[in-house]
Amino acid sequence: MKIGFLLLVCNDYKLMTTLHMANYPNLGKLEVRVLEYLWANPDGTAKSIHHELNQERGITVNTVQSTLERLYRKKLLSRRKHSHSFVYSALASKEAVLGQFINEMLERFQSNAELNVAAILNAAESIDQKALDILETEIQRRRLEDKS
């Protein structure tokens with residue numbers, strides 16, 4: 001039984017399954033930061049991303065281009081040619097990616113439903129009341145869907 005804590009509140013679950021986003025490879029810190037940029041800004045070029053990240057990290061445009069290429073090969077980004085450069089977009093929302101990572105972690109430990117729930121509850125201790133309320137509402141909605 002797969003239980004994914006953030007999948008319960010993920011609005012992009014259907015998108016995630018249609019993209020076949022199973023077995024994401026590990027992501028480095030720069031790859032995560034590039035994804036964060038593209039989640040905040042729907043489209044980005046190597047230059048626009050570099051402009052933002054260079055202020056934080058002091059990296060070159062080539063480093064950003066290599067990172068974008070890796071994320072594209074990992075099927076986390078789409079790209080289209082515009083003039084002499086590529087414009088990149090994230091293929092899935094942050095919620096979908098986080099939910100998939102959580103599911104994969106639960107699967108790696110091959111635990112049973114009780115251990116999965118215990119792990120989810122342990123993680124829930126560090127989230128705020130608003131997130132818990134959202135989670136509770138989503139669980140109730142899904143139970144109603146299952147009954148119909």
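Me: Let us start with P42. Leaving aside neighbours within four places in sequence, which residues is P42 in contact with?
Reply: P42 is in contact with Y88, S89 and A90, once neighbours within four places in sequence are left aside. Please bear in mind that this is a predicted model.

Me: How far apart are P42 and A90, in sequence and in space?
Reply: They are separated by 48 residues in sequence, while their C-alpha atoms lie 7.2 Å apart.

Me: And where is P42 found?
Reply: P42 is in the loop between α2 (29–40) and α3.

Me: Is P42 buried or exposed?
Reply: P42 counts as exposed because its relative accessibility is 60%, and the cut-off for exposed is over 50%.

Me: Now L77. Where is that one found, and is it buried or exposed?
Reply: L77 belongs to strand β1, which covers residues 77–82. L77 has a relative accessible area of 2%, so it is buried; the limit for buried is under 20%.

Me: What does L77 touch, not counting residues up to four places away in sequence?
Reply: L77 touches L35, L38, L68, L71, Y72, Y88, S89, A90 and L91. As for L91, it is 14 residues from L77 in sequence, with a C-alpha to C-alpha distance of 5.1 Å.

Me: How many bridges join β1 to β2?
Reply: Six bridges join β1 to β2 (residues 85–90), and the two strands run antiparallel. They form a hairpin with two residues between them. In the turn, S83 has a positive phi of about 60°.

Me: Which residue in β2 is the bridge partner of K81?
Reply: The bridge partner of K81 is F86.

Me: Where does the charged end of R79 sit?
Reply: The charged end of R79 also sits over the ring of F86, at 4.2 Å from the ring centre.

Me: How many aromatic pairs does a search of the whole structure find?
Reply: The search finds one aromatic pair.

Me: Changing topic to the helices: at what angle do the axes of α3 and α4 cross?
Reply: The axes of α3 (residues 46–57) and α4 (residues 61–73) cross at roughly 120° and come within 9 Å. Residues A46, I49 and H50 of α3 make the contact with V61, V64, Q65 and L68 of α4.

Me: What is the handedness of that crossing?
Reply: α3 passes α4 in a right-handed crossing. One of the α4 contact residues, L68, is also among the residues that L77 touches.

Notes. Residues are numbered from 1 along each chain as its sequence is written. This is a predicted model: local features need pLDDT of at least 70, side-chain atom pairs count only at pLDDT 80 or more; totals for chains, interfaces and linings use all residues. Side-chain values use heavy atoms; hydrogens and water are left out. Helices (H or I, at least four residues) and strands (E, at least two) are DSSP runs, numbered from the N terminus. Buried means under 20% relative accessible area, exposed over 50%, partly exposed in between (1.4 Å probe, protein chains only). Contact means heavy atoms within 4.5 Å. Two strands pair if DSSP finds at least two bridges between them. Rings of Phe, Tyr and Trp (its six-membered ring) pair if their centres lie within 6.5 Å; planes under 30 degrees apart count as stacked, over 60 as edge-to-face and the rest as tilted. A charge sits over a ring if NZ of Lys or CZ of Arg is within 6 Å of the ring centre and within 35 degrees of the ring normal. Axes are lines fitted to C-alpha atoms, for helices over the stretch in contact, and angles run from 0 to 180 degrees between N-to-C directions. A crossing is left-handed if the near helix is turned anticlockwise from the far one by less than a right angle, and right-handed if clockwise.
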